[in-house]
Amino acid sequence: MTPFTDSDGSPSFSGSSGVSRAMNNDPQGIDPEPQGDARPIVNTAHRRRRILLVEPSSIEAQKLRERLSMENLEVHSVQDVITAIQAATIHRPNLILSNIRLPILSGLDLIRRLGDDPATSSIPVILFGDQVLSDERARAFDAGARDVISKPFTTTELVARLRAELRNRDDLTALERRAHRDGLTGLANRGVLEDQLAREWQSCRRRSTPLAIVMVDLDHFKSINDVHGHATGDEVLRRAARVLARAARASDLAARYGGEEFVVVAPGANLEIGLQIAKRFRAELAQVVVNTGGTELKVTASVGVACAQFDGTLDAPAQLLHRADTALYEAKRSGRDAIWTHDPILDAPAPAVPSHSPIELGSVLELDNS
Ligand code: GH3
Ligand code: MG
Ligand code: MG
């Protein structure tokens with residue numbers, strides 16, 4: 001049984017929204033044609049927004065559902081706080097519209113409980129009620145209500161306020177997205193990488209699962225800029241980023257680390273899986289041909305792979321990055337277009353795919369990307 005009913009009796013809404021999902025290494029999260037700052041801040045008019053209505057009276061709920069459904073909003077209703085929390089956790093509505101006075105737990109309790117869970121804390125809540133008193137309004141705002149609407153109100157006003165809040169939320173989401181993503185490639189930026197690496201470090205250590213890092217640096221990239229121009233250099237970066245996002249698993253994070261350097265954080269991946277990601281990237285990059293008005297440009301990269309096993313040899317994520325960086329340095333020094341790892345037995349960099357080795361498609365295709 002679903003914890004709430006749809007306006008039309010159809011199955012409950014599904015899917016999720018928000019920055020956290022967008023920051024997964026989901027190639028969908030990467031703009032197929034990233035346009036940097038040219039992207040509009042808000043372009044969400046086409047999306048049908050999901051509203052969770054919390055109203056104990058079925059007659060009132062029916063009236064509101066009908067009115068909101070006319071606005072192309074997908075409305076689902078529940079009658080109490082506990083069911084609302086369940087529905088919000090599972091289905092992440094874009095906004096919750098709740099009566100401030102509910103049986104047992106109130107609209108204010110609802111806001112507090114939503115705030116306790118990171119999965120629901122950013123869902124905006126608008127409260128409404130019969131003749132809401134001034135101190136009740138104040139407490140609602142203090143608790144985190146985005147708006148408080150007191151009856152009597154017209155549904156036109158209710159809809160206008162609700163739309164205003166949805167617009168604010170869209171702006172915020174777009175700004176967060178900008179703050180978290182590299183504008184050129186659409187990958188996560190370095191700040192996100194460092195935050196997520198720190199989180200994955202803790203989580204992998206707790207679960208005693210390995211954590212691999214794949215560090216990539218495009219070869220002779222400066223000369224691509226010098227010979228073919230900066231715009232071509234940018235295109236190469238975008239193409240390489242897309243290839244890297246595809247080479248990583250859905251649960252990994254691919255990020256732009258610096259100019260022409262990228263990093264994949266792969267939680268749960270041992271050195272072998274990290275190496276597979278690197279090989280797959282190298283193989284797919286070899287297929288990329290950038291047309292530069294007459295000539296066809298091919299790009300290679302050097303890659304360093306390191307893995308933390310949480311066996312006491314590494315104390316911090318920075319050390320893991322350092323190991324990958326050292327392996328990458330040796331890949332460069334050995335002649336580029338190579339993959340080196342940090343060998344845990346030697347405790348030193350070691351070649352895994354020597355410079356200019358032929359592409360090994362067989363092993364590359366083995367990587368489980370489910
Ligand atoms: P190596 O093989 O040793 O890595 O040599 P490299 O030329 O790739 O490395 P180097 O560090 O000498 O040059 C990196 C260049 O990347 C220099 C910088 O101008 C360029 N770069 C950094 N960010 C961007 C960018 O956003 N767009 C473009 N087109 N170039 C960039
Ligand atoms: Mg570099
Ligand atoms: Mg380089």
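This dialogue covers a helix pair and a ligand shell in a predicted model.

Student: What should I know before reading the model?

Tutor: Residues are numbered from 1 along each chain as its sequence is written, and chains are lettered from A and ligands numbered from 1 in the order in which they are written. As the model is predicted, local features need pLDDT of at least 70 and side-chain atom pairs count only at pLDDT 80 or more, while totals for chains, interfaces and linings use all residues.

Student: How is the packing of two helices described?

Tutor: Two packed helices are described by the angle between their axes and the distance between the axes. Here helix 8 (residues 221–228) packs on helix 9 (residues 230–247) at about 140°, with axes 6 Å apart. Helices are DSSP runs of H or I, at least four residues, and strands are E runs of at least two, numbered from the N terminus. Axes are lines fitted to C-alpha atoms, for helices over the stretch in contact, and angles run from 0 to 180 degrees between N-to-C directions.

Student: Why is helix 8 called oblique to helix 9?

Tutor: The angle makes helix 8 oblique, because under 35 degrees is roughly parallel, over 145 roughly antiparallel, 65 to 115 roughly perpendicular and the rest oblique.

Student: Which elements supply the shell around ligand 1?

Tutor: Strand 7 (211–218), helix 8 and helix 9 each supply at least two residues, and helix 9 gives the most, with four. In total 16 residues surround ligand 1, each with its C-beta atom, placed from the backbone, within 6 Å. Among the closest are Asp219, Phe221 and Lys222.
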